[in-house]
Amino acid sequence: MNVDSLSYAKYPFLRDAAEHVKDHGIALDELLTHRAFQGARARGKARVIDALMHGIIQIRPMANEEDCLEEILSYPMARMYVSGVDDRFLTRRYALAEGVAMRERLEREDLDMVEEVAYQLDVAASQEGNLLRIHFTDYLRYTSRMRSKEWKLVNTEVKRGYVFLSQAKFARVLQQALQDRLESELPLPLNDDILNALGDDVRELKDSATVMRNQYKAEDFGTVSVENFPPCMKHFIGMAQAGENMPHSARFSLTAFLHHIGLSAEEILALFATSPDFDVSKTKYQVDHITGEISGTEYTPPECTTMKSYGICFEPDSLCNHPNGYVKHPLSYYRIKNRPLRRTSKGAPSPKSSKPAAPR
Ligand code: SF4
């Protein structure tokens, strides 16, 4: 397929985009220091700031060949900035932002372009009508961390070993492929000359990354004791902090749980913000909905039996499994655990005093 410079600008990670830059005969030291490339350097830095602040690389208008070349060059610049900062949080967030930007663009492309991007990302795919087919082993490789049911192989159309996907779902698979690739490639080894040239910008980005990370640090729940959380909720918090994709049911349960034990919407947001695919407005909307701010209904987490049927009752412990069945609800667990004076020395609740209150 013939790919033009606007497409390279939209997908600067393509193998052929690097060849396109080579064809212009631009040397690395020129890119790093020459006045002519000041715009590309600024745009590269803006890519990283976008990733930090918004979780997506913002689209900018490109009117001519110069704009396109600047955009293409901003990509290797951004990679060098991320490598210079060398902070895992930033690297993951940057990989995510490039992946999300690509996905959003691919959702609106014709299928030939989608197939070309897949090819250059080493994801073998072909068109079949208005669907794209991908071998099930590739599908599993890129979707194994997506936990919602729609991504499970049993819920997809599989024929003769191939999975058939809509354009939007295929674009999401490619997002993961790009993220994985960037996370494995970065940080790049940079020599002193490059680090010196990046100088102040790297220091500035490092400070911004630290500020963002600290802002989103979710270890401190104030007076709330995480130690006394039920195992399922601890598990969800671990997932959020590790940046794992959480199934919707788990996000819902955790949000409702944290709300009911007294955390503010901002504190709940801060917890989810440690996830690299954090989208502040989307998450705020979900949190406000579950906490009743916009829905008028304050949702409670599901009961343990429901959590089990959703497959999100993780690592139930001896209190969860107590033969007297004290714990029927994650909130009951937390209430029991928060009554230290009424507990027996064995750690089990005293039958007389610790009957769990009905969940709100
Ligand atoms: S039994 Fe209930 S409280 Fe315990 S881990 Fe399962 S869902 Fe959570």
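**View 1. Asp201 in helix H10.** Asp201 sits in helix H10, which covers residues 192–215; helices (H or I, at least four residues) and strands (E, at least two) are DSSP runs numbered from the N terminus. This is a predicted model, in which local features need pLDDT of at least 70 and side-chain atom pairs count only at pLDDT 80 or more, while totals for chains, interfaces and linings use all residues. Residues are numbered from 1 along each chain as its sequence is written. Asp201 counts as partly exposed because it has 19 C-beta neighbours inside 10 Å. On this scale a residue is buried if 20 or more other C-beta atoms lie within 10 Å of its own, exposed if 12 or fewer, and partly exposed in between, with C-beta atoms placed from the backbone. Leaving aside neighbours within four places in sequence, Asp201 is in contact with Lys45 and Tyr81; contact requires C-beta atoms, placed from the backbone, within 7 Å. Ala42 is 159 residues away from Asp201 along the chain, yet their C-alpha atoms are separated by 9.5 Å.

**View 2. Tyr81 and the largest nonpolar core.** A nonpolar core is a set of buried Ala, Val, Leu, Ile, Met, Phe, Trp, Tyr and Cys residues joined through C-beta atoms within 7 Å. The largest such core has 54 residues, and Tyr81 and Leu174 touch the most other members. Helix H5 (residues 65–85) gives the most to this core, eleven residues. Apart from this core lies another, of 29 residues, among them Phe229, Phe272, Cys313 and Val327. Beyond four places in sequence, the contacts of Tyr81 include Gly44, Val48, Leu198 and Leu205.

**View 3. The four strands.** The chain has 16 helices and four strands. Strands E1 (residues 125–128) and E2 run antiparallel and are joined by four bridges; two strands pair if DSSP finds at least two bridges between them. E1 and E2 form a hairpin with two residues between them, and Gly129 in the turn has a positive phi of about 65 degrees. Glu128 has Leu131 in E2 as its bridge partner. Four bridges also join E2 (residues 131–135) to E4, again antiparallel. Across this pairing, His135 stands opposite Tyr162, and Leu132 stands opposite Leu165. Strand E3 (residues 157–159) is joined to E4 by three bridges, antiparallel as well, with Glu157 opposite Phe164. E3 and E4 form a hairpin with two residues between them, and Arg160 in its turn has a positive phi of about 50 degrees.

**View 4. The two faces of strand E4.** In a regular strand the side chains alternate between the two faces of the sheet. In E4 (residues 162–165), Val163 and Leu165 form the covered face, and Tyr162 and Phe164 the uncovered one.

**View 5. Helix H13.** In helix H13 (residues 265–272), the buried residues are Ile268, Leu269, Leu271 and Phe272. Seen down the axis of H13, these residues fall within an arc of 155 degrees, so they line one face of the helix. The arc is that of the directions from the helix axis to the C-beta atoms.

**View 6. The shell around the ligand.** Which residues surround the ligand? They are Pro230, Pro231, Cys232, Cys304, Met307, Cys313, Pro316, Cys320, Val327, Pro330 and Tyr333; a residue is near a molecule if its C-beta atom, placed from the backbone, lies within 6 Å of it. Helices H11 (231–241), H15 (304–310) and H16 (330–337) each supply at least two residues of this shell.

Methods:
Contact = placed C-beta atoms within 7 Å.
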